[in-house]
Amino acid sequence: MNLADLNKVAQAMVAPGKGILAADESSGTIKKRFDAINVESTEDNRRDYREMLFRSKEAMTKYISGVILYDETIWQKAKDGTPLVKLIEQAGAIPGIKVDEGTQALPGCPGELVTVGLDKLAERLKKYYEQGARFAKWRAVIDIADGIPSMTAIHVNAHALARYAALCQAAQIVPIVEPEVLMDGDHDIDRCYDVTQRVLNKTFQELRVQRVALEGMILKPNMAISGKKAKTRAGVEEVAEKTVRLLKSCVPAAVPGIAFLSGGQSDEEATAHLDAMNRIGNLPWKLTFSYGRALQAAPQKAWSGKADNVGAGQQAFTHRAQMNGLASKGEWKADLEKKKAA
Ligand code: 5MM
C-alpha cells in the first residue's frame, strides 16, 4: 500500500467545492427509479441515462470530484464507443466502483441485514483497478425500529466494512466506508444521533483493529436527522449542529473527508443541511456530498427517457451539482433555488 497516493486520491475526492455523484444503483434500484419516470430499465436506457450525466461538462468539471459506478457501468461504452470510464476521466473526475453485493437477512436477528460481497473481493478489486477505479464503496444498512438495531447487526456490519476497507487499501483503492442508519422510521433526531454514534464508534474500532489507514479513506455517513415519519422533524440548524457534534465525537481528524448520503431527504433539504454544517466551520475534515437521489431525482424527471430532453436533464443535474458544490463551502443560498425555478 502506498499511503501517500491513497491520501492524494482521498483529498481529491473532497476537493473544495466538489463532491461525489453516487450513480451506483444496482439493477433493482435503477428499475425503481426508471419505473417512477415510466422508462423501461434496459441496458441501453441505463447507458443513455448515465452517459447523459457523465457528458454534463459543466457539472462534471466544476462540481463533481468522482463518480461511484455499478459493475455494469464500469464496463459499458457510450453510444459512440467511448468507455464511460473515459468520459469521467476526461472531465477530470475520478471513477469509483460499488463493490458490495447487497444485503442478506442476518441470522438470529429478525428484521436486520448484513452486507455481503467479501468473497473473491481481492480479485475483483484488481480488475476494477485495471479498469480505472481509484476508489470503491461498500454500504452497510442499519435500521431503527422497536428493539433494533441489535449490537450483533452493528458489530457484523462494522467488521465487514473494515474487512472491505483493508482489502481496498491493499489493492491501492481508496475505500468509501458507508454505514447508513436509515431515516425510514418515526424516530426522533436524538434516537438517530444515539444509534449513529454507536454505529460509528464500532466502525472506527473495527477499522483500527484491522489496520485501515484513516488518511486513505472517506466516510459516507447519514446525518443526525429525524425519521421520515416522525411527528415533528428537526429543522436545518438542529440537524447541522447535532450532526457536526456527533461526527466530532466519533470521527478522527486523520480522516480526510466525510461525504454524506442523502438517504431520502428532499433535494433542497440535503443541500441546506450540508450548507449549514459548513457554515459552522472549524471542522477537522472536509464535509461534502456523495448523493444519489438528491443529485439525480431532478435530472431523471427532466430526461424521462427522451433523447430530446438530454439538454434539460443535463441542466437539472448541473443545477443540483452546483447547489451542492456551494453547500460544500457553506456558500449556498435558498434564493439561488428560486432563481432557477423562475
Ligand atoms: C445510488 O444508490 C446506491 C446503491 O444503492 P443499492 O445498492 O440499494 O442499489 C446507494 O448505496 C447510495 O450510494 C447511497 O445510499 C446514497 O444514496 P442516497 O440516494 O441516499 O444519497
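A salt bridge here is a side-chain nitrogen of Lys or Arg within 4 Å of a carboxyl oxygen of Asp or Glu. Both residues sit in helix α4 (residues 57-62), 4 residues apart, about one turn of the helix. Helices (H or I, at least four residues) and strands (E, at least two) are DSSP runs, numbered from the N terminus.

This is a predicted model, in which local features need pLDDT of at least 70 and side-chain atom pairs count only at pLDDT 80 or more, while totals for chains, interfaces and linings use all residues. Residues are numbered from 1 along each chain as its sequence is written, and side-chain values use heavy atoms, with hydrogens and water left out.

## Salt bridges

The whole structure holds 26 salt bridges. Three of them are set out below.

| Pair | N to O distance | Relative accessible area |
|---|---|---|
| Lys79 and Asp48 | 3.6 Å | Lys79 63%, Asp48 23% |
| Arg139 and Glu178 | 3.9 Å | Arg139 29%, Glu178 2% |

Buried means under 20% relative accessible area, exposed over 50%, and partly exposed in between (1.4 Å probe, protein chains only).

Lys79 and Asp48 pair at 3.6 Å. Lys79 lies in the loop between α5 (71-74) and α6 (84-90) and Asp48 in helix α3 (residues 43-54), so this pair ties together parts that are 31 residues apart in sequence. Lys79 is exposed, while Asp48 is partly exposed. Both belong to a network of salt bridges that links Asp44, Arg47, Asp48, Glu51, Arg55, Lys79 and Asp80.

Arg139 meets Glu178, with the closest N and O atoms 3.9 Å apart. Arg139 is in strand β6 and Glu178 in strand β7, so the pair ties together parts that are 39 residues apart in sequence. Arg139 is partly exposed, but Glu178 is buried.

## The barrel

Which strands form the closed barrel? There are 8, running β1-β2-β3-β6-β7-β8-β9-β10, with parallel pairing. Two strands pair if DSSP finds at least two bridges between them. Strands β6 (residues 135-142) and β7 (residues 174-181) run parallel and are joined by 8 bridges. Phe135 has Val174 in β7 as its bridge partner.

Helices lie across the strands. Helix α11 (residues 267-280) lies across β9 (257-260) and β10 (286-291), at about 170 degrees to β10. Helix α13 (residues 310-327) lies across β1 (19-23), β2 (64-69) and β10, at about 160 degrees to β10. Axes are lines fitted to C-alpha atoms, for helices over the stretch in contact (heavy atoms within 4.5 Å), and angles run from 0 to 180 degrees between N-to-C directions.

## The core

The largest nonpolar core has 104 residues, and Phe54 and Tyr164 have the most contacts inside it. Helix α9 (residues 189-209) gives the most to this core, with 8 residues. Such a core is a set of buried Ala, Val, Leu, Ile, Met, Phe, Trp, Tyr and Cys residues joined through side-chain atoms within 4.5 Å. Beyond four places in sequence, Phe54 touches residues including Leu21, Met60, Leu69 and Ile88.

Helix α9 also holds Lys202. Is Lys202 buried or exposed? At 14% relative accessibility, Lys202 counts as buried. Leaving aside neighbours within four places in sequence, Lys202 contacts Met151, Ile154, His155 and Ala158.

## Loops

Ser262 is in the loop between β9 and α11. Ser262 is buried, with a relative accessible area of 3%. The Ser262 side chain reaches the backbone nitrogen of Ala294 at 3.4 Å. Among the residues that Ser262 touches are Met183, Ala270 and Tyr291.

Ile148 and Pro149 are joined by a cis peptide bond, with omega about 15 degrees. Pro149 is in the loop between β6 and α8 (151-170).

Lys120 is not a glycine, yet has a positive phi of about 60 degrees. Lys120 lies in the loop between β5 (113-115) and α7 (121-130), and is exposed at 60%. Gln172, also not a glycine, has a positive phi of about 65 degrees. Gln172 sits in the loop between α8 and β7, and is partly exposed at 21%.

Technical notes:
Polar contact = N/O pair within 3.5 Å; in protein donor to acceptor, adjacent residues only side chain to side chain.
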